[in-house]
Every structure is written in C-alpha cells, then in structure tokens.
Amino acid sequence: MKNLKAMEDIWKRFMLLGLLALTVMISSCREEESVLIEGPQEDTLKANSTVANLLQNTATKDGSHDNIIDNASCVTVQFPVTVTANGVEITVDSDSDLDDIEDVFDEFDDDSDILEIAFPITITLADFTEVVIANASELESFVDDCVGENEFDDDIECADIKYPVTASVFNSSNEIIDTISVSNDETLYKFIDDLDEDDIVSVNFPITVILFDGTEVQASNLDALENILDEARDDCDEDDDNDFNDDDCDNCTPNQLSDALTACSDWNVDKLERNDQDLEDQYTAYDFNFMADGKLSAISDTDSFAGTWEANGSGNNIAVIINIPNLPDFNATWNLHEIQQGDVDFRLGDDRLRFRSDCTSNGGGNGGVDDSALVQALTNGDWYVTNYFDDVDETALFDGMVFNFASDGSATADDAGAITNGTWSTGSGDETELELNLNFGMNIPFDELLEDWDVLEATDDIIRLKDISGGDGTTDFLTFERNPSSNGNGGVDLGTVIVDGTWTVSSYLDDGADETNNFSAYTFNFNADGSVTADNGGATNGTWATENGDNKFVLDFGAVTPLDEFNDDWDVISVSDTQLELRDVSGGSGATDTLIFTKQ
C-alpha cells in the first residue's frame, strides 16, 4: 500500500509539473503573439486617434448630391422616390433623374420653385443609418440636425479610399484575434465607429487614396495616411449648398463647348430672354450652325446671317462672345451655364439664351452611340445577359432569362415562364453622354440591374454598359446580346485576338485632339505572357492585361514618351478579329481619350 501511495504521489507531482510547464508555454506564446500584433505603437490604429477620425470622416456618407430634394448635405434620400416639381410629377430612380427636376426649375426664372415629396420615403444618415420618414415634418427634424449651407462639417469629400483595405485586429481584454477586409465606405465607417480602447489594429499598407482630381497617392504608414487626408480635407469645393444651378459647369472647358456646338448642326433657339422680354418665338424658323474656326451662321427660309463666336475661361467662368451684326438680340458676352446632350445654355444676369439640337452623338469612338440607334436596337427582339461583372463574374445569375424592352419604356424578364416587369429609359451618362436606366425592382438578382448604366457600345447585336459605384468606386459591367451563348464581347475573345498578329494605332484622340501621327511609326506585338513590344526602329517593352471580364484593357509602357500616353486601364468599346477600340474618361477633368488598334 505504501509503495502504491508513493507511486500516486510521484504521478501527481509529475502531472502538476506538466500543467505548470504547459501554462508557461501558453503564456509565452500569447506574449509572443501579442508583441507580433502590437508592433511599434506608432504603427497601430487606435480608437479616437487623429488618423482614425480622418478615416471615418473620409468614409462618411455624403448627402450633398441630392440637395435639390432634401436641402441637407448630411441626409441622402433613397431612390426610387416620387416628387412633384412645380406641378410636374417626376420619379427619381437615379442621380441622373435629378436633372429632370432641375430642368423644370430652370424653365422660368421669375417663378417660385416648389418641390413636394410623396411620403413615405427612406433616408440614409451620415453614419449610414437608414430611417423611414412618414411626412415632411419628420424629414425637417433630420434636416435641422445638419449644419447649414457650406458650413464646416466633418465629412471629407476631397478624398476617397481605394478599397479593399485589410487589417489585423487584436483585443487585449478578451484576446480575440481577427483579420478583416474593408470593401466600402460604410464598412470602414462602422469599423472605426466600433473601435474601443482595448483594440489593437495593424493596418496592411500601402493604402491608396484617390484625390478629388482623380490623382492617386499611396500611403506607406499611418503618419503618411494622416498627412494625405489632412491635406486633402480642404482641397476642393465640397458643394454643400442647395443651389443646384451653381455646379452645372464645374468641369466645363472651352474645348468641350466647341466639341458640343460643332459636332451638331441646325441648332434652334429654345430660349431667348433679353431685358425681361421673351424673344425666342421670333427665331423659330432659324437654324444656327457653329464652326470650329469661330464662324457661325443663322439661316431661315428667307434670311441668312453670318457672325462669329469665341469662348475662353474655365469651369463656371467661361465667357462666350457671340456677334451677329444683323441679329443684335444674340450679341453679348454670355456666361456658359450648362452643356448637356443637344442642349447648351448661356446666362447674362437675368438674360438667357439656350440652343437645342436633335443631334445625339456622344462623340465616342467612330461617331459614338446614337440615342435613337440604341432605342431602335433595344426595342427590337430578344436580349440575353452574356456578361455581368461585379468584382467577380456573376453572369450565371441571369442564365436563360429573356429580356424584352418595349417602346413605351416598359420591360420584361422571362425566366422560364416567370415574368418580372421593369422599366427603362435613356439619359445623359456620368462618363459617357448616353446612359441606359434599368429598374426591374429589388428582388434578387434583378436588384443588381437597378443602375444608371453608361452606354459603351450599342449595335443591333450587342449593348455593352458600365457603372461606377458611388460608394466604393468599383466598376460593374453589363452586356446584352442576341446570342445567349456569347461571352459578352460579341463572341470574340479579346485575349486570343490581341496576341495574333501585329497591330498599329489607327486613331488616338487625346481629349478630342488628334495625336495619331505621334504613333504612326510604331508596330505593336502583344504576347501571351502579358508583355507587349512597341517597335519604331527601337523596341520599347511594356505590359498588357485584360480585366473585369475582358471589359478593361490595361496598358503600361512606363515613363517612355510618347507611349506613356497609353498607360491606363481602358474601357473596351468594341473588339473584332482586326480592330480593338478603347476609351478612357478622366476621373478628374472628365476628358475623354480614344485609342484604336488595327491589325496589319
């Protein structure tokens, strides 16, 4: 028995020593793990720190774009919403429909502009909280919580974070370790909001910040990120006022006006008011034509007048001088107020001059996409979704569905006999002059189509669309085709086509300026490994890649002039066995570049 008890004592001591060793080992591992995650304290993101607050302010929901409806920059009205503007009922499905409200308000200068909202509506607050509003009084209570027009607020609109951003999180109170990926403003805002003093956050760098002019800058640590955001906060006009007329030409240039006026013919006088007198009826029989050399003509069945025009300045301060010696009603130094598709508006105090044209070319590629051609193709026959790319290829969501679009603006999606009704309309796009607005409701997967899509290409056989998300800046692509088995590019595989043969630049337009001759001596060979060689007697090496379901074509020739002009992620407008047409719209100035490669 004594021997047995002695053995038991020895065993207990052995177990105790084992547990003690295990405890020490676990403690040691935790200490090592904690040190690894914490790192240098200056490299960790802390709750309520300056850089954390700047990040949250950058991610704050901006509500200024729809101030024409709610008069509040910290409140966003969710679409669709129905309003009545000066007695005209308008359904707002997207930001572009806000222009319809403005058009009604712009019709007369001497009236009172009244907007009535059909309640209930849902609003989103600056912290992304959603609230259902039953009446005007409830909405007013939230509007009153916003600061006034153009007063200082925390929202930073002059910079955006380029997502995704990843980080490692260690909570010292409960020792929970997590790795997160932030993909949009709302996620970032709420992540910062939920940080507490026990959280230790190690952010993965570099982080790219997109400035208001489209410039991208990289931060390699928290100090650099803090400096970038702090410097950017006051670098642009955030336009937090309720005057929807004051930003119509923020990015206008004389070249854009010239392109608009000279690309279309037979402009008519839609509005002419001088000294409180409406004069447009006197000129209904006249066609006005503007030439690139500064000459213009005004011709009716019985009369013909010659004159001149010129424009200079930038943004909202472009002066347009019109001089027609025998038509003094037009002669003045006007201020350019707005450029829209087939619509150019000038102001001079209370005087107004507006020209309109039936011309609908958007200037893209070889003549652009014509609105009437899009409508004619869209409303004729069956269409299938052959490409839908939202960060990943999600075309399968719409497999087998047959889409039909009627001329009255209605649409149907037939999924093996299950009919979903929708609507469609066209308007002025964000990056292209023509957009296609789709609304098949909020049921999955049709909620994916509820966007104002920029039109890249429209023929009888294919309609290619893109949309840039207002939240995270990512680009979605949508393609309809007649053939359900196609791949979204008319059945042509871009990656296969481009590596076959030698290519030349048949056209390069830099914001409308023809610079094709700069590349006339070059031939281009694209290789399957992603390399490309440009040869003009000496070889320059670069890289190429396709992205987003072959809807993006990325080129990089480094800093070699003039090939550095091609360094960009181009939208693929069209591709065939012998030609590749590309377009890029600058995020800062709105300038449009067009590049066409043709196989030798």
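# A walk around helix H2

Helices H2 and H7 cross in a left-handed way (the near helix is turned anticlockwise from the far one by less than a right angle; clockwise would be right-handed). Before you click on, note that you're looking at a predicted model, where local features need pLDDT of at least 70, side-chain atom pairs count only at pLDDT 80 or more, and totals for chains, interfaces and linings use all residues. Residues are numbered from 1 along each chain as its sequence is written, and side-chain values use heavy atoms, with hydrogens and water left out.

**Stop one: H2 and H7.** Select residues 50–59 for H2 and 222–232 for H7 (helices are DSSP runs of H or I, at least four residues; strands are runs of E, at least two; both are numbered from the N terminus). The two helices pack at an angle of about 50 degrees, and their axes are 9 Å apart (axes are lines fitted to C-alpha atoms, for helices over the stretch in contact; angles run from 0 to 180 degrees between N-to-C directions). That makes H2 oblique to H7 (under 35 degrees is roughly parallel, over 145 roughly antiparallel, 65 to 115 roughly perpendicular, and the rest oblique).

Now show side chains. From H2, Thr50, Val51, Leu54, Leu55 and Thr58 meet Leu222, Leu225, Glu226, Leu229 and Asp230 of H7 (contact means heavy atoms within 4.5 Å). Sorted by class, this contact has six nonpolar, two polar and two charged residues (Ala, Val, Leu, Ile, Met, Phe, Trp, Tyr, Cys and Pro are nonpolar; Asp, Glu, Lys and Arg charged; the others, Gly among them, polar).

**Stop two: H2 and H6.** Look for Ala52, Leu55, Gln56 and Ala59 of H2 meeting Asp185, Leu188, Tyr189, Ile192 and Asp193 of H6.

How many of the ten residues of H2 are buried? Eight are, so H2 is mostly covered (buried means under 20% relative accessible area, exposed over 50%, partly exposed in between, with a 1.4 Å probe and protein chains only). Among them are Val51, Asn57 and Thr58. Show strand E1 (44–45) and strand E8 (159–161) too: the buried residues of H2 pack against both, as well as against H6 and H7.

**Last stop: Thr540.** Jump to strand E36, residues 539–547, and pick Thr540. Thr540 is buried, with a relative accessible area of 14%. Leaving out residues up to four places away in sequence, Thr540 touches Val532, Thr533, Ala534, Phe557, Val560 and Leu563.
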